[in-house]
Amino acid sequence: MLFATQNPPGLYAGRKVLSRAFRNRFLEVHFEDVPQAELETILCQRCQIAPSYGKRIVSVFHELQKRRQSSRVFESKQGFATLRDLFRWAGRDAVGYQELAENGYMLLAERARRDDGKAAVKEVIESIMNVKIDESTMYSLQRPDIDVASFLGCPIPAATDVIWTSAMQRLFTLVSRALRFNEPVLLVGETGAGKTSVCQVFSTATSQHLHGLNCHQNTETADLIGGLRPLRNRTLREAEILKESLKVVQETGTPQLPQSFSDLDSILTNALKSGSLSAKHQAQIQTLHSKLLQLQSIFEWHDGPLVEAMRHGD
């Protein structure tokens, strides 16, 4: 079966009007917006939130649709927020309307690139939630009313070279809150704005290794997942394997000792076939034999930063 989906033609993502000949090949079905009552039900049942929370989240969503002319995150009628944003908002654990409003501000207002756009989002959230949002208090890492480590999902690193200015606290709070709920983060800013620094601080706080990769127009898939590269340092590797093999063979009591690297393959093979080795020595010799076979190849596989991070659980 072949299905085709498309956003309505317009400014959003540069969508063009499809030709009539192409459209005639499909049964064209148009979908309207999800009704407000159904959207509230979806939010409440999928994200397990109170109906009052779902109602106010949807009210903010529809009110922002009316004010999309001030600033646009997306060039569409859903200028300030999309349904994905609503699900992220509802998926965050909020206790009370104050925290619910702050979560919405972090998700919606912080995406606006202009100050008047943030002000419009803040005004709508405050009016519907009936609360006041104070950015300086919300992003402070010394808030007395909450457990900051539990709120961020990670401890605040004590020994770092970072100066905790208000801007750095804001950036660290936004990134930590998003990663706590497994939300993808895209940091956009000029050089020296602190994008890499906040990632390094977060990796230090969570005791994880940070893998860095500079992407450019020539970046390929192999730069991420890895690829085959010529085998290097062959002589050094041969000497290391010969040294390890000599030690293991002496421990097993094999009368024939390797005098050169060329004798190593036959000696290890005979030792494995003898059947008199302990489980420990047999595993060691099998590992050495595998390394020996790898040296006979011209290329070897090198993991990229993505595969390496997955292997180590980073």
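Predicted model: local features only at pLDDT ≥ 70, side-chain atom pairs only at ≥ 80, totals over all residues.
Q: Which residues line the largest cavity?
A: Lining residues have an atom within 4 Å of a point in the space. For the largest cavity they are Met 138, Tyr 139, Ser 140, Leu 141, Arg 143, Val 148, Phe 151, Leu 152 and Thr 173. Helix α8, residues 148–152, provides the largest share of that lining, with 3 residues.

Q: How do the residues of that lining divide into nonpolar, polar and charged?
A: Here 6 are nonpolar, 2 are polar and 1 is charged.

Q: What about pockets: how much space lies in the second largest pocket?
A: A pocket, unlike a cavity, is an open set of points. The second largest pocket holds about 890 Å³ of space. It is lined by 25 residues, and the closest to its centre are Cys 199, Leu 210, His 211, Gly 212 and Leu 213.

Q: Which elements give two or more residues to the lining of the second largest pocket?
A: Look for α9 (166–180), α10 (195–205) and α15 (305–312). Of the elements, α10 gives the most, with 5 residues.

Q: And how does the lining of the second largest pocket divide by residue type?
A: You will find 15 nonpolar, 7 polar and 3 charged residues in the lining of this pocket.

Conventions:
Residues numbered from 1 in each chain as written. Heavy atoms only, no water. 1 Å grid on protein atoms, 1.4 Å probe; cavity = no way out; pocket = protein on both sides within 12 Å on 5 of 7 lines; lining within 4 Å. Helix = DSSP H or I, 4+ residues; strand = E, 2+ residues; numbered from the N terminus. Nonpolar A, V, L, I, M, F, W, Y, C, P; charged D, E, K, R; others polar. Points joined across faces, edges and corners; volume = space filled by probe spheres on them.
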